[in-house]
Amino acid sequence: MAIGSGLGAQVGIAAEVSYGTFLAPTKFVEFTKESLALKKTTAQSSGIAAGRLLPLSSRRVVTQREGSGSLEMEVTNKAMGVLLQSLMGTTVTPVQQGAGPAYLQTHTLADTAGKSLVIQKGVPLTTGVVTDKTFVGCKIVSAEFSCEVGGMLTASFEIDAKDVDETQTLAVATYPSMSPFHFAQLAVKTGAFGTETARDGIRKVSVKLERPQAVDRFYAGQAGLKKEPITNDQVKISGSIEMDYVDTILDDLNTSDAATSLVVEFVGPLIASTFFETFRIKLPAIRFDDAPPTVEGFDVVKPTLQFTGLYDGTNQPVIEYISTDTTL
């Protein structure tokens, strides 16, 4: 029997073979907060009948079903691959580094067609019984990665789902030994693509990727459920860098509106040989939108630089992930 509070909750994930078709979860992630919920559209018959003062309960129908919400977590050194693949779109197979236990995943930006998930959450009753709510046809529509002084690298995934199934058997959660990436492992680099240099004075960084999709594909003959969402706009990448005003390098880029490559990199403990646990976001071209260094009192000047990620004409944004995971 589980604990009858959020302490007994769980989230399991599996990559779907076919959109909206259940598969038992194979990965279990440690999460900090979630808001996944069923969304239903109902219609109430409004026919007039002599003397009837209330609509008939039996004449209410559910015309559409779907799910949505967010999943928040700390980014760890294991079990992140399935989520990253669903966000970025490329089909990824981890590549062994050297002859040891380190494996590199390279998640390059691509269309997300065919990249959907089963997300099964266990929600405990106060009795300790854990109820099953399984979300099928889950598409990641946006994700934000953020880290600040003294904190963990966190991720928040916004999710659209085809349906919610409460008839499945709740999978038994098992967790590998894993640890989070954090501020002490962070480097923020800018410069020419491939030769970026670490910047000084960085206190906080966040990167958001939005994957716009037509999530309203409800058609006749689908029993009130949607078909797989289709990309219907360009990817939007944005973010911010908060820093002490130690130099004018980034401020000058704002003034000139020149492009720079941005690398946000977390390097953890050694796995083997020269390969370390790594989480790295590479944006080949960003431009700063707003970075006014303003003096607001006696304290150190701390500008926050807002940026937009763009295409440099050659290189796509990439998330690199080195862990001991041999599969996603």
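These legends describe an overall view and several close-up views of one predicted protein model.

Local features are given only where pLDDT is at least 70 and side-chain atom pairs only at pLDDT 80 or more, while totals for chains, interfaces and linings use all residues. Residues are numbered from 1 along each chain as its sequence is written, and side-chain values use heavy atoms, with hydrogens and water left out.

**Figure 1. Overall view of the protein.** The protein has 2 helices and 21 strands; helices (H or I, at least four residues) and strands (E, at least two) are DSSP runs numbered from the N terminus. Along the principal axes, the C-alpha atoms fill a box of roughly 80 × 50 × 40 Å. Of the 328 residues, 45% are buried. Buried means under 20% relative accessible area, exposed means over 50%, and partly exposed lies in between, using a 1.4 Å probe and protein chains only.

**Figure 2. The nonpolar cores.** A nonpolar core is a set of buried Ala, Val, Leu, Ile, Met, Phe, Trp, Tyr and Cys residues joined through side-chain atoms within 4.5 Å. The largest one holds 55 residues, and Ile-13, Phe-145, Phe-157, Ile-241 and Phe-279 touch the most other members. Strand S9 (residues 130-148) gives this core its largest share, 6 residues. Another core lies apart from it and has 5 residues, among them Ala-102, Ile-271, Ala-272 and Ile-322.

**Figure 3. Aromatic pairs.** Rings of Phe, Tyr and Trp (its six-membered ring) pair if their centres lie within 6.5 Å; planes under 30 degrees apart count as stacked, over 60 as edge-to-face and the rest as tilted. The count by this rule is 6 aromatic pairs. One of them joins Phe-28 and Tyr-175 edge-to-face, with 6.3 Å centre to centre and 70 degrees between the planes. Phe-28 belongs to strand S2 (residues 27-28) and Tyr-175 to the loop between strand S11 (163-165) and strand S12 (186-191), so this pair ties together parts 147 residues apart in sequence. Phe-28 is buried at 5% relative accessibility, whereas Tyr-175 is partly exposed at 38%. The pair of Phe-145 and Phe-279 is tilted, because the ring centres are 5.4 Å apart and the planes stand at 45 degrees. Phe-145 lies in strand S9 and Phe-279 in strand S19 (residues 275-290), 134 residues apart. Both of these Phe residues are buried. Ring pairs also link Phe-145, Phe-157, Phe-181, Phe-279 and Tyr-321 into a cluster.

Figure 4. Strand S21 (residues 318-323) has 6 of its 6 residues buried, so the strand is largely enclosed by the rest of the structure. Val-318, Glu-320 and Ile-322 are on one side, and Ile-319, Tyr-321 and Ser-323 on the other. Two strands pair if DSSP finds at least two bridges between them. Strand S7 (residues 103-108) runs antiparallel to S21 and is joined to it by 6 bridges, with Tyr-103 opposite Ser-323. S19 also pairs with S21 in the antiparallel sense, over 5 bridges, and here Ile-281 stands opposite Ile-319.

Figure 5. Grid points are joined across faces, edges and corners, and a volume is the space filled by probe spheres set on the points. The largest pocket holds about 170 Å³ of space. Its lining includes Leu-109, Gln-234, Tyr-311 and Pro-317. The whole structure has 3 cavities of 30 Å³ or more, and the largest cavity has a volume of about 50 Å³. Among the residues that line this cavity are Phe-145, Cys-147, Val-205, Phe-266 and Phe-279. S9, strand S14 (202-210), S18 and S19 each supply at least two residues of the cavity lining.

**Figure 6. Two residues with positive phi.** Most residues other than glycine have a negative phi. Ala-79 has a positive phi, near 70 degrees, and lies in the loop between strand S5 (60-74) and helix H1 (81-88). Ala-79 is buried, with a relative accessible area of 6%. Ser-273 has a positive phi near 55 degrees and is found in the loop between strand S18 (260-272) and S19. Ser-273 is exposed, at 61% relative accessibility.

How values were computed:
1 Å grid on protein atoms, 1.4 Å probe; cavity = no way out; pocket = protein on both sides within 12 Å on 5 of 7 lines; lining within 4 Å.
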